[in-house]
Structures are given as C-alpha cells and as structure tokens.
Amino acid sequence: MLKKFFLIICGSFVGSFIAIMVAMLCVLMLGVSISLSMGRGTATVKSHSILKIDLSGAVEERSEEVSSVNELIAILQGSEKGASLQDIERSLSVAMLDDNIDGVVLNCNGVQAAPATLRAIRKAIVNFKKSKKWVYAYGNMGFDQGDYYVATAADSIFINPVGAVDVHGMASCTPYFKKVLDNIGVEMQVIRVGAYKSAVEPYMLDAMSPENREQQQLYLGNIWGVIENEMADARKIDRGAFNQYVDSILLVQPADTLIKRHLVDAKIYRPEFENRLRKLTNVKETDDLNFVSPQMLATNYDAGENKDGVIAVVYACGEIDGGTPGEGIDSEQLVDCIGKLQCNDDVKALVLRVNSPGGSAFGSEQIWHALENFKKAGKTFAVSMGDYAASGGYYISCGADRIFADSTTITGSIGIFGVIPCAQDLVENKIGVNVEVVKTNENADLLAMGVLSKRLTPAQRQSIQNSVNEGYELFTKRCADGRKVKQDSIKAIGGGRVWDGISAKKIGLIDQFGSLADAIEWTAKKAGLNTGYYSVECYPTMEENMMAMLGKYMQMRTTEKMKRDMGMFYAYYESIQAILYRDHILCLLPETELK
C-alpha cells in the first residue's frame, strides 16, 4: 500500500512537471515567433511622428538582432525591452533624414549607464540637432544625474512641478571585505604585480591604499571635468556657479529654484507637456501622439551594401570567462568567431568594440592571439572602447592598428593578480571539521576541495608568484609590441594603474578620441573600401536554442528573487561568489561602483 502511495505521488509530480515544461515551451515558441516576426523587415513611420527615447534602466551595448531572448523575457514578464546604445544611435541617424519624424522626446526616468555610454547618446542627440528638428527632455519624477547629463543636449528641459534634479558630482564606492572574511575564518591569499592593482584590495585590506585613492581621484576628476563642462556650457551657466549649485544638494531644491538657476526651462505636468507636443506635430488633443521607439526606427538603418567588402564589428562586452555562466565574454566562442571572420574573404576588416573590465588572463591571451592571426591575414583591425577597456579588456585591445576611445573611458590597469581562498580557520575552528589527506605527491591536494583547507606553503606561494610575474611580463610585452614602444615604458604606466581616456591618450595607451562610427570609418579607409560600397555586420551572432532561452529566463528569475531576499547584501554575496568561481589568475579591473 505504501509503495503504491509513493508511486502515485511520484507519478503526479512527474506528470505535473512535464505539463509545466510543455506549457513553458509552448509559451517560449509563441514568444519567439512573435519576437522574430516583430524584428523582420523595416518599420513604417506615420507622418508627424516623434522618436521617443526612454532613458530608464540599464543601457546595453547592442541590440540582439538575431537572438530573441530579451524580447521573449519581456513578453513573459509583460514588460518592454529597453533600447540599446546601438538602437539609440541608429534611430537618431535615421530620424535625421526621415521627413515623417518631427522631433525627439527624451523621457527621463533613471537611466543606468556609465559616463562613456551616456556621452555617446548625448553626442548622437547633438548630431541629430543638425537636422534643425527639435529635441525636448521631460522628467516626470525628475532627473537623475545620468538623465540630466543627456537632457542638457535638448533644446528645452521640462520638469514636473514636484520633480527634482539630482546632480551631485562623481564618487566611487568600494566595499572592503577583509574584516568579514576574518570573522568567518576565510583568508584570501593574494599574489599580485603592481602597487596599483587594486582589484585585490577589498580582500587584503580594511581601507583604501594611497595608490588606489590617487588613481581614483585622478580619473574621477577628469571624467567629472568633461561632464560638468558640457552640462554647464549647454545650459549657459558659469562653471563655478554650476559646481556651487551641485554642492547645494540640488535633489531638495524646488522646481522654481531650478528654473531660476537655468538648470531647467519650465515646470509642467505630463498631460500639458503632451498637449504641447500635439501642437508641435499637428495632432488633435483627442488623438494619441505618434511615438516611435528606437528599436522600431533602428530597423530602417542602412548598414551599407556589400560591394567592396564587409567590416565586421565584433562585440566584446562583459567579464572575460567570468564566474557567471552565459554572461560576459566566452573566450572560446569569441576566438572561434574571429577565426571564421579571418577565413571569410568578404570580411576585409574588423572593429573590436570593447566594453570589458577584463577577467581571465588565459582567456585574454587566447583572444589576443586570434586577433594577431586576423592581422597576419592582411586584414585591418581597430578597437573602439566603450565604458571600460581595462586590464584584460586592454590586453585584447593593445594589438590593434588604431585604438579609439572616449575621454571618459576607463582603461589601462595593465596588471595581473591571483586570489586563492583559504578556508582553514573556517573549516577547522569555526565549523569543527577535521580534514584528513592521503596523497602521493607533495602538492597533490593543492586545490582538491575547490578552496584550500590548508594555507599555501612558502614554496607553493613562491611558485604561484613566479607564474603571476611571468603573466605580467607577457602582458606588458603584448602591450609594448602592440603600441610599438619599449616594454619598460609600458611598465612605467602599468603596475595595475587605471587611467581615464584623457590621461590614456597623453601616455599613449589610445590613439584618438572617437566613437564606434569613427572607428568604422577609419577602418574602412585603412582597408581601402569605398564609402557606400561596404557593409557593416555585427558579431557574434546570438543564436540560442530553446533550452538556452529557458535556462536564461529561469536564471534571471532566481537572481531577481535573491536580490529581493538579500537586499543590499546581494552585491557582497555576488563579489564573494565571483572570486570562488573565477580563474585564479586574473587581469581584472577593480570592482568600484561610480555614483
């Protein structure tokens, strides 16, 4: 009887599980079908339309033209997929020439992006204004600093009468974990090269080192100098006065004060703002406005004709072989992609779009080697840096024929380190577990349990230090060969030091300031391609099967739940997990949050 009971329960469970999986797969198939049908073809734009750019949430580098994962997730969640930087830039280029687009509205609602991405959006808006079409910015709840920076490119800035402007300057926030690790009995055994290689500081110090403070103060000051100058100039405010306003805690200043200080142009509720748009576009008050999204308009973007050849834009975004599966740069996949482009006779040149803090030293070397082979095939190779191209991100960039970056790009950090966790105190003294080892050789148990149950011996530590030193020698040699300078000159600006774009150009780490479009244009000329007679194709293509989509969706939901449950502690948990699952030898930028 009991056996029968368990069989019934198990059968019910299995049946329910299969039914749920089938239902989810049906939803997935429907979602993919809808997403792909939405993505095909070009958009039809009605007359007197408005390009509406929602500045809210994270701004990704590229639109997933082949993959429908993000669109599918949006369908399952009942939300709208946010526009990427690629979407926004392309849609503004199209809107300049489309007579059916009367103007642009920036709907500001808490954009999350680093300065270089924000500056790219702002530049695209400034370029759009050459068409003599209008650009309005509206903040319903108000403007965060990123929103406001982009909004200052608009002709007019409107704010809700009870909205606020939060422009406060720049700060970096770096959590230090040594004390909590000491409390739980975990020691991070750190082996590094360079006093400025501060990615390991949170695990070995209780407070910031003078070297780290020095480098952060320099790049924050330079980046803020660029941003505040452009905001002040756009609003015709003296820079000294502008910084005084910033220091007055703008967040609590009423709308009337913001208008008096020329930070915004007018206060207005959303319905009245939309009526103003109706007058501009000859739409009746009873009719809806003709809004067009960047994603929709970007489908009309002309990527050129493949007559003389193709320029491949290869995106290298995220951590290199990081601890989170399915995210960042998979070095094996990227190497395979570059190899195929090398063998493709239609591909005449490659622009590597780098937005990476680095990661695995081994993975970085493999990508560097693949790019060198691409060059040896007689093809042109340039780099366009985004928000970050540091440490391993610079490793994979250094061999380019020309490096483009923004003045607010974070780069350099030429250094290498190893972090090997030791849980001996936790295991033996905190938990009370005695680990007995039987081995045939001296170091057979070095990493037997994933983390060390015993501290490194002096000989083991020296051996790993030698490996890190060799890795640094190789890294600096790659940089020296790529930049055509002596290795000692690279070491003088290396040591793990982080540089902003302005400083990087002065010391020769980059060649010129410019956008991805600038890099593509230079590469085309270098490769001998005639203007208008080459096409631009983006790689890697993002072909993902159904199970991969389902896995990504389930992973995302699990992460969301953990973030809700853990609150502010999730960021600390994520940092510890990353250390445990990353390679032990890394070229990685310090984990610092810019505020």
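Me: Hi! Which residues does serine 91 touch, not counting those up to four places away in sequence?
Reply: Serine 91 touches Leu51, Pro294, Leu297 and Ala298, where contact means heavy atoms within 4.5 Å. This is a predicted model, where local features need pLDDT of at least 70, side-chain atom pairs count only at pLDDT 80 or more, and totals for chains, interfaces and linings use all residues. Residues are numbered from 1 along each chain as its sequence is written, and side-chain values use heavy atoms, leaving out hydrogens and water.

Me: Is serine 91 buried or exposed?
Reply: Serine 91 is buried, with a relative accessible area of 0%. Buried means under 20% relative accessible area, exposed over 50%, and partly exposed in between (1.4 Å probe, protein chains only).

Me: And where is serine 91 found?
Reply: In helix 3. Helices (H or I, at least four residues) and strands (E, at least two) are DSSP runs, numbered from the N terminus. Other buried residues of helix 3 include Leu85, Ile88 and Val94.

Me: New topic: how do strand 8 and strand 17 run?
Reply: They run antiparallel, joined by seven bridges; strands pair if DSSP finds at least two bridges between them. Arginine 192 has phenylalanine 417 of strand 17 as its bridge partner.

Me: Why is strand 8 largely enclosed by the rest of the structure?
Reply: Because five of its seven residues (187-193) are buried.
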